[in-house]
There are 2 protein chains.
Amino acid sequence: MARRKDHTREELKNLILEMSWRLVGKEGPQGLTARRLADAIGYAPGTIYNVFPSMDALYLQVNARTLDLLHGVLASPACHDAKKTPVQNMKKMAQLYRSFAQDMRPYWLMLFSHDLPETREVEPWYQEKIDRLFTSLEILLAPTFSGKQQRKMKMAARILWASTHGLCFLEETGKMPKLDGESAFESMANYLIDSFVIGMKTAPVAQE
Amino acid sequence: MARRKDHTREELKNLILEMSWRLVGKEGPQGLTARRLADAIGYAPGTIYNVFPSMDALYLQVNARTLDLLHGVLASPACHDAKKTPVQNMKKMAQLYRSFAQDMRPYWLMLFSHDLPETREVEPWYQEKIDRLFTSLEILLAPTFSGKQQRKMKMAARILWASTHGLCFLEETGKMPKLDGESAFESMANYLIDSFVIGMKTAPVAQE
DNA sequence: CTTTTATAATGAACACCGTTCATTATTTAT
DNA sequence: ATAAATAATGAACGGTGTTCATTATAAAAG
């Protein structure tokens, strides 16, 4: 059987990616295996390797899609409201990130599952998708810093991003001690942003 | 063959754990498999299951050991120097965390690899080991807050912890855009701590 | 000093996994 | 109608965690 042409190469690629997405959503990253995937699309396992070089490459494509969705959320007007203060927008952005993590849990967790080939270098196109996310935050911080403080602004953006992610990640994976009965992400994120923004202008930054 | 008594049950348990530790250190979490482990200690794979209920349980024990080591570092006098300011000690603690992450990379990464049975609840004894880490930071923050601000202090500790971890994690896993050529963890951690400490007293905190 | 009982250790077997590649079936070109 | 090209296959390889009837040994009983 060859060139069944049920699907063109491109169609097949999309089909595989779409089914991968569904499998991860339903059963988590563990649910995405070559055999299950082949079964679900009505092809043999080997066929997948005619389209993707490895399952890892496919995982990466799923992650890429997740990053695109996340970027869509963080670049949305919901947290770039000109009528609101930068701090308000930042708080909103933190909430959006947290909501994304909860709503898209298996996809979001997959972004940080690091059992992959270990130390492999991230490819530029993938790094670009990551960098975009930080840009969304830099846009909110830019007005607060002068032109000569670009480096400081970029550092602030990285710090706020990493901090928000840290809060979200530790909480979502049960690695944060409970404070009261409930999750306190929102109040902690708000406290973080308020505090950091107050201090970030007067605090010094080490020279490059 | 039974009751070879080469080792008592306890000895065998220690032997397995010790060898697991070495395997993870040498080849990462992937290197710790039932067969390799059995081979390394001179027993059959089935024997491991007479001592540990599953490989996951063993992974958890390795993580427990890592957490103990980390606690030893963060509770050390190096970052609890009475002659230094709380901020200085906090900065030192952040550096110690980062050094730990680098020096014990495979163990440290394993703490956050979340391919485990997914949503399994963390057992209390394990949660306790996590909570201890936060306590080390609370000790540094305590003098800065009044008795009535205990909740606020605990929130500040969780925020600073999560933020530092976030910085470290994103950087170590290549998910942080490069700022200059080099890693900027130290200067970012310092900037974070300086800024947050400046603002954390005046910034409001949502009521419970 | 047997003989029985209890049990520690085994390792083949099961159902999975990612991946390879010679083979096959089908389409396209001659 | 034949030949060349190629899409799809699926058995096979070497791995994984886990189970459990079997076996070999140590302890207890006779």
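Chain A can be superposed on chain B by a rotation of 180° with 0.0 Å of shift along the axis, at an RMSD of 0.1 Å. That is the relation of a two-fold axis. The model is predicted.

**Arrangement of the chains**

- In general, two copies of a chain are related by a rotation about an axis and a shift along it.
- Of the interface residues of chain A, 100% are also interface residues in chain B, so the copies meet through the same surface.

**Extent of the interface**

- Chain A contributes 55 residues to the contact, and chain B contributes 55 residues.
- About 4800 Å² is buried between chain A and chain B, and carbon and sulfur atoms give 68% of this area.
- Within chain A, the residues that lose the most area to chain B are A:Arg158, A:Lys175 and A:Tyr191, which together make up 15% of what that side buries.

**Polar and charged links**

- The rule finds 2 salt bridges across the interface of chain A and chain B.
- One salt bridge joins the side chains of A:Arg151 and B:Asp180, with 2.3 Å from N to O.
- Across the interface of chain A and chain B there are also 8 residue pairs in polar contact, with both residues at pLDDT 80 or more.

**Make-up of the chain A side**

- Four elements of chain A give two or more residues to the side that touches chain B: α6 (105-110), α7 (124-141), α8 (150-172) and α9 (185-199).
- The element that gives the most to this side of chain A is α8(A), with 15 residues.
- Sorted by class, the side of chain A that touches chain B has 28 nonpolar, 14 polar and 13 charged residues.

**One residue of chain B: B:Thr173**

- In chain B, the loop between α8 (150-172) and α9 (185-200) holds B:Thr173.
- B:Thr173 has 7% relative accessibility and therefore counts as buried, the cut-off being under 20%.
- A polar atom of the B:Thr173 side chain lies 2.7 Å from the backbone oxygen of B:Phe169.
- When neighbours within four places in sequence are left aside, B:Thr173 is in contact with B:Leu109 and with A:His114.

Key: Residues numbered from 1 in each chain as written. Chains lettered and ligands numbered in written order. Predicted model: local features only at pLDDT ≥ 70, side-chain atom pairs only at ≥ 80, totals over all residues. Heavy atoms only, no water. Least-squares fit on C-alpha atoms with pLDDT ≥ 70 in both. Contact = heavy atoms within 4.5 Å. Buried area = accessible area lost by both parts, 1.4 Å probe. Salt bridge = Lys/Arg side-chain N within 4 Å of Asp/Glu carboxyl O. Polar contact = N/O pair within 3.5 Å; in protein donor to acceptor, adjacent residues only side chain to side chain. Nonpolar A, V, L, I, M, F, W, Y, C, P; charged D, E, K, R; others polar. Buried < 20%, exposed > 50% of the residue type's maximum accessible area, 1.4 Å probe, protein only.
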